[in-house]
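Let's take a walk through a protein chain together.

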Amino acid sequence: MTRAPANLLAVRSLLLTHLDNAPGPDDLDPGEVGIVGDPAHRGGYHCGSDRVVTNDYSVVESPRDRAGLTLDAAALDVGPFDVRSGGRTNTLPSFSVWCVAQCAANAADTRDIREIIYSPDGSTVKRWDRLGKRTSGDSSHRWHTHFSFFRDAIKAGRDQRPLFRRYLSSIGLLEDDDMTPEEHNWLATVHKNLTVLDGRNPVGQIYTRMAMGEDATVPNFTSVHPTLTSLGAQISALQTALTALSNRDFTDEPAIVQGVLASLTPEKIAAAIPPTMAKQVADELARRLVA
C-alpha cells in the first residue's frame, strides 16, 4: 500500500511543532497536513506505485520520477493557518507565496520540489511547475497548498526540512542559522584540523609544547627555532578567531573562509616558516611551475 516516507513525515512534524498551537486566530491542525491520498485517490504524487495510473504525469514526465517510483507518496498538503509572529500575520497564502519565490529563485533547498499548487489570495489558484508544463489546479487549492517532490529525492531519503526551517525562522517561530548542513560539516572539519595543529591531541601537544619552549626533553627549544614560537602563537590566534566565527551566522561558505584567512597574510606565513623549510617549499613550487 502507498506509504508516507520518513522524510515527508519529518516535514509534517516540523510544521506542526511550530504552527500547531501557535499564537493567532487559527493554528495548523494535524488533520490539515497530509501526505498519502485517501483510499479512492488514484494517480499523482500522493500515490505510490500501487496507485499510479497509465501515463501518470507524476511518473512519466521526468526521469527523476521514473527512477524514483516506489510505494512512497511524494507529496505534502498544507492546510490553512493564521498565526501571529515576528510582529506580523502569517497565513497559508503568504507561506505559499514565500515558498514559490524560493523555488523560482532556484534556492538550493528547493531543487527536489517539482511543483507547488496554491492560492496567493484565497481565490485564484496558481501552479508553479519546475518543468513548466502546467499553470493551474483545481479549486480545492484555494484552502490548501500542494507540494510535489521528485520521487528520486523521496526514494533517496533526502532531508526536505531545510526550506521549511527557513520559512519558520523567517517569521520568528524557529531560531535557526543560515548555514546549510554541508557548511556545518565543513566548519566542523576545519575545527578538527585546527585542533590537530593547536595541540588538543597527543601529537599536536608535543609540537605546541616544543614551539612554546615547554617540552622538558628539548631544553631551550625556542632558542634553536624561534620561528616555531611565532607559528604556535599564530595558530592559537587563528583558533580563537575561528571559534568566534563559529558563533556567527553566515549565508555562504566564502564568508567563513574570508574570515578565517584574514589573519593569514603571505608575510605572516613566510615569517613563520623555518629557513630550511622555506627553501624546500620554494624548490617544490618551482618544480610544479615548470611541470
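Below is a short tour of the chain, its core and a few of its residues.

## The whole chain

Before we start, keep in mind that this is a predicted model. The chain holds 13 helices and seven strands. Of its 291 residues, 37% are buried.

Among contacts with a separation of 6 or more, 63% join residues 24 or more positions apart.

## The largest nonpolar core

Now look inside. The largest nonpolar core has 37 residues, and the members that touch the most others are Leu-76, Val-78, Phe-81, Phe-95, Phe-147 and Phe-164. Two or more residues each come from α1 (6–19), β2 (75–78), α4 (92–104), β5 (113–118), β7 (145–149) and α6 (161–170). Helix α1 provides the largest share, with six residues.

Which residues does Phe-95 touch, leaving aside those up to four places away in sequence? They are Val-78, Phe-81, Phe-147, Phe-164 and Tyr-167.

After the helix comes Asn-21, with a positive phi near 65 degrees.

Take a moment to find His-18, which sits in α1. Not counting residues up to four places away in sequence, His-18 touches Leu-168, Leu-173 and Leu-174. A polar atom of the His-18 side chain lies 3.2 Å from the backbone oxygen of Leu-173.

## Helix α4

Helix α4 contains 13 residues, and the distance from its first C-alpha to its last is 18 Å, close to the 18 Å expected at 1.5 Å a residue. Its buried residues are Leu-92, Phe-95, Ser-96, Cys-99, Val-100, Gln-102 and Cys-103. Viewed down the axis of α4, these buried residues fall within an arc of 160 degrees, so they line one face of the helix.

What covers the buried residues of α4? The cover includes β2, β4 (88–91), β5, β6 (126–129), β7 and α6. Just after α4, Asn-106 has a positive phi of about 60 degrees.

## Helix α6

In α6, Leu-163, Phe-164, Tyr-167 and Leu-168 are buried. Seen down the helix axis, the buried residues of α6 fall within an arc of 135 degrees, so they line one face of the helix. These residues pack against α1, β4, α4, β5 and β7. Gly-172 follows α6, and its phi is positive, near 85 degrees.

## A buried serine in a loop

Our last stop is Ser-62, in the loop between α2 (57–60) and α3 (63–68). Is Ser-62 buried or exposed? Its relative accessibility is 4%, and buried means under 20%, so Ser-62 counts as buried. Not counting residues up to four places away in sequence, Ser-62 touches Leu-131 and Phe-150.

Conventions:
Residues numbered from 1 in each chain as written. Predicted model: local features only at pLDDT ≥ 70, side-chain atom pairs only at ≥ 80, totals over all residues. Heavy atoms only, no water. Core = buried A, V, L, I, M, F, W, Y, C linked by side-chain atoms within 4.5 Å. Buried < 20%, exposed > 50% of the residue type's maximum accessible area, 1.4 Å probe, protein only. Helix = DSSP H or I, 4+ residues; strand = E, 2+ residues; numbered from the N terminus. Contact = heavy atoms within 4.5 Å. Expected span 1.5 Å × (residues − 1). Arc of directions from axis to C-beta. Polar contact = N/O pair within 3.5 Å; in protein donor to acceptor, adjacent residues only side chain to side chain.
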